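Work through the exercises below with the sequence and the model in view, and try each task before reading its solution.

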Amino acid sequence: MLIGAIKVKSDNTYKNIFLAGIIFGLAYTIRVISVILVGTGLITLLFGPDQSFKKKVYSSLFLISGFLIVLLVVVGLGAVVSVPSDPTTGIQNSLLMGQNFEHKGQ
């Protein structure tokens with residue numbers, strides 16, 4: 001989604017970058033290490049395309065806002081259902097926590 005938004009010039013580039021941020025947020029809920037995607041996407045947006053600095057900053061803000069919306073929803077839902085934060089998984093409701101209670105889902 002992000003590569004398509006960068007390479008293809010269209011009217012909905014910012015929408016596609018925002019959707020890429022949402023996809024990165026969903027990937028973060030499944031595998032915490034995928035936060036690297038957000039950093040890589042930011043570096044790509046800030047240093048990659050030949051655009052004005054203003055457009056690069058707007059693109060980066062759209063990517064971060066899409067990611068943060070998903071992150072805040074997941075953390076908010078964890079707070080509502082009062083799931084304690086587990087430092088071994090990083091995010092409160094990681095989908096890969098597992099079922100092995102003796103080893104804390106590892």
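Rings of Phe, Tyr and Trp (its six-membered ring) pair if their centres lie within 6.5 Å, and planes under 30 degrees apart count as stacked, over 60 as edge-to-face and the rest as tilted. This is a predicted model, in which local features need pLDDT of at least 70 and side-chain atom pairs count only at pLDDT 80 or more, while totals for chains, interfaces and linings use all residues. Residues are numbered from 1 along each chain as its sequence is written, and side-chain values use heavy atoms, with hydrogens and water left out.

**Exercise 1.** Classify the aromatic pairs of the structure.

*Solution.* The structure holds two aromatic pairs. In one of them the ring centres of Tyr-14 and Phe-62 are 5.1 Å apart and the planes lie at 20 degrees, so this pair is stacked. It joins distant parts of the chain, Tyr-14 in helix 2 and Phe-62 in helix 4, 48 residues apart. For Tyr-28 and Phe-67 the centres are 5.6 Å apart and the planes at 70 degrees, so that pair is edge-to-face. Here too distant parts are linked, with Tyr-28 in helix 2 and Phe-67 in helix 4, 39 residues apart.

**Exercise 2.** Are Tyr-28 and Phe-67 buried or exposed?

*Solution.* Buried means under 20% relative accessible area, exposed over 50% and partly exposed in between (1.4 Å probe, protein chains only). Both Tyr-28 and Phe-67 are buried, whereas Tyr-14 is partly exposed at 30% and Phe-62 is partly exposed at 32%.

**Exercise 3.** Which helices do the buried residues of helix 2 pack against?

*Solution.* The buried residues of helix 2 include Ile-17, Phe-24 and Tyr-28. Contact means heavy atoms within 4.5 Å, and the partners are helix 1 (2-7), helix 3 (35-47) and helix 4 (53-80).

Methods: Helices (H or I, at least four residues) and strands (E, at least two) are DSSP runs, numbered from the N terminus.
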